[in-house]
Amino acid sequence: MRVKALLELIGCEVDLTHFSMLHEEESYESYDLIAIAHGTPLDIAQLLIAQVSKDNFLLLAPKADNNEQLAAFSALNKLIPNAVVIYPFFVNKEISSLLESILELGSDFILQLPTVLLVDHVPERLEKLEKSLLGAHIPTLSATSFNEALEQANKQQFDLLLCDFSLPDGSGLEVFAKIKRSQPQCRCLLFTSKPNQVSMIEAIRQGVEDVLVKPLDENVLLQSLHKLWQTELLKRHNTELVERLQDTVDALIEKDSLLRVIYKHTPDAIMLFERSGKIIEANDACSRLFSLAPKDFQGRSVFELLDGPSITQIKEKITTLNQNRQFSCDLYLPQKDGSGIPLVGSFNEIDHHGEIALAVIFKNVTHLKQKEELLLEAKDMLEEQVRARTCQLEQAKDLAEAANHSKSEFLANMSHELRTPMHSILSFARFGLDKLSKGDFSTDKLLKYLTRIESSGERLLSLLNNLLDLSKLDVGKFPFNPQAHNLSNIIKTAIEDVAGTAMEKEIEIIYMPPKSPMITYCDEEQINQLLRNILGNALKFSCPLSRITLTLVSADEYVIIEVIDSGMGIPEDELEHVFSKFVQSSKTNNGSGGTGLGLALCREFVLLHKGEITAHNNDLGGTTIKVRLPIKTAVN
């Protein structure tokens, strides 16, 4: 009986059958676990083994003081050697763990068990009962007096109260009555050694479910708790179902009311009619469309309202309804003045109080006819737009061809730019190898060759870096990490980076920083590279012993950087194109060389910062590059 109660507590359905009631013609394959108690004849056990393919057998061993029963059980155990044996001295916790293991109840198994408040003034009995409940995996709180029970009830919610009827400072009924006020869902079991002292009528009136007699049998206790908890779960489930049913009914009523409102006030004409054509119901929009009062639809047929071809078409569609039970057709509503209204009817077969009927939505398509006329009138306009678009495409083609030509020029120039430093590297490397092979270890000459190789390598590396940076910017993978920086410090760093080139050409770079720091939210590395490229171009195309001037000012929410040189300048018609990827100024292309990638990179860096970069010729005969950056950069 104890095993049966524990199985029920973990949510199993249990059948308890005497071995004399087992029959060979019955099937026991559907059971997940078969428990055989000691004393069951071997032939009955063999019958079960023959019918069940699973290995889930449980044997209940007898007490150790009965040798005859032990001998019989030993034979039974040999017959089912793989069975799990439960001995009488096993506690509830051990048995529950074995049952969960046999039934393969994993960590995801969720069983709803009650929380029990156990109240008894005898510590030994309280400890024994608490151990029994905890062994069955039932969460248990304990108290030894009336006041302690109330304190536990104030601290935590629980489902069942298991209480001794007689306590030193009150009775179990008083405890239950007090707790019921704050926890109305709590249910109660009382236990007493003198059942005649307990007024069953009073206990039932206060809601007590049952009265158990001490000393409490563990199996009786677990079965009573299981029965009471299953009743409570069923009650809660029924309450939840009633609430959900009420919510569903309320939702359906609300939905029906909403549909009735929509049906009545929708601007589309909706009509219900029988297959014979008799009108069942029509909304207000139907009254406006057919110029009839709502009462005038009663007893009339929908076929009386439309012209002959429309009626014939509807009847044919009704007799040949497809599997979707719906169809659409063009209709015509004649008017008293001889004109008519073109309609489109969308028909659906419906169940109206057990009878087949149809619902139709009439759409007035007069406006569509008007739009058709407008479309015809717009035909000539569209043809003109097509011609204009064709002209634009031709212009775009010319621009694409020009871009392709620029790209070809760029590739030719790039090939030259790549070949020149590579040729220099190879040539001076061969010179050095030749000298070494002849035993000439002149330090000056080798230093000269290595210096030339280093210079050409740096030039080649710079060119390749520009190409890689431009490629990253094209695909949107260039790192962009804006932070607050003093823009004046970035400018000073850029000037220091090109100071060597400026000294070689004896060009003076003039920069007067503003009096107060100019903090800008930007990517320091990108702005530094931007300024290096602009200063590098200015140094490349400026004459020796000249000057390059940098200015930094703020205007509203922007900062403006200008780099002013006195070089060769840029033709006016090329000022807007020098920032393109495959375009180079005709002056620099013919004179000082270069790939034209520097300013293209500059433009991409500025666009990342949501700024602008422009070029114009100045009064000194050179070029002024103007960079306009927002103080706070918006990060995408």
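Q: Which residue is the bridge partner of Leu272 in β15?
A: In this predicted model, the bridge partner of Leu272 in β15 is Ala359.

Q: Why is Ser171 called buried?
A: Its relative accessible area is 18%, and the word applies under 20%, so Ser171 qualifies as buried. Ser171 is found in strand β8, residues 170-171, and, leaving aside neighbours within four places in sequence, Ser171 is in contact with Phe146 and Phe165.

Q: How do you know that the span of helix α11 agrees with its number of residues?
A: The twelve residues of α11, 308-319, should span 16 Å at 1.5 Å a residue, and the end C-alpha atoms are 17 Å apart, so the two values agree.

Q: Which residues of α11 are buried, and why are they said to be on the same side of the helix?
A: Ser310, Ile311, Ile314 and Ile318 are buried in α11. Because these residues cover an arc of only 100° around the axis, they are placed on the same side of α11. On the other side of the helix, Pro309 and Thr319 are exposed, a word that requires over 50% relative accessible area. The buried residues of α11 pack against β11 (269-274), β13 (326-334), β14 (340-352) and β15 (355-364).

Q: What makes β17 and β21 the edges of their sheet?
A: The open sheet of five strands has the order β17-β19-β20-β22-β21, with mixed pairing. β17 (508-511) and β21 (612-617) each have a single partner strand, so one side of each is left without a neighbour in the sheet. Neighbouring strands of this sheet are turned by 15° against each other on average, direction ignored.

Q: How do you know that β17 is paired with β19, and in which sense?
A: β17 and β19 (residues 547-555) pair in the parallel sense over four bridges, where at least two are required. In this part of the sheet, Tyr511 stands opposite Leu550 in β19.

Terms used. Residues numbered from 1 in each chain as written. Predicted model: local features only at pLDDT ≥ 70, side-chain atom pairs only at ≥ 80, totals over all residues. Heavy atoms only, no water. Helix = DSSP H or I, 4+ residues; strand = E, 2+ residues; numbered from the N terminus. Buried < 20%, exposed > 50% of the residue type's maximum accessible area, 1.4 Å probe, protein only. Contact = heavy atoms within 4.5 Å. Expected span 1.5 Å × (residues − 1). Arc of directions from axis to C-beta. Axes fitted to C-alpha atoms, helices over the stretch in contact; angles between N-to-C directions.
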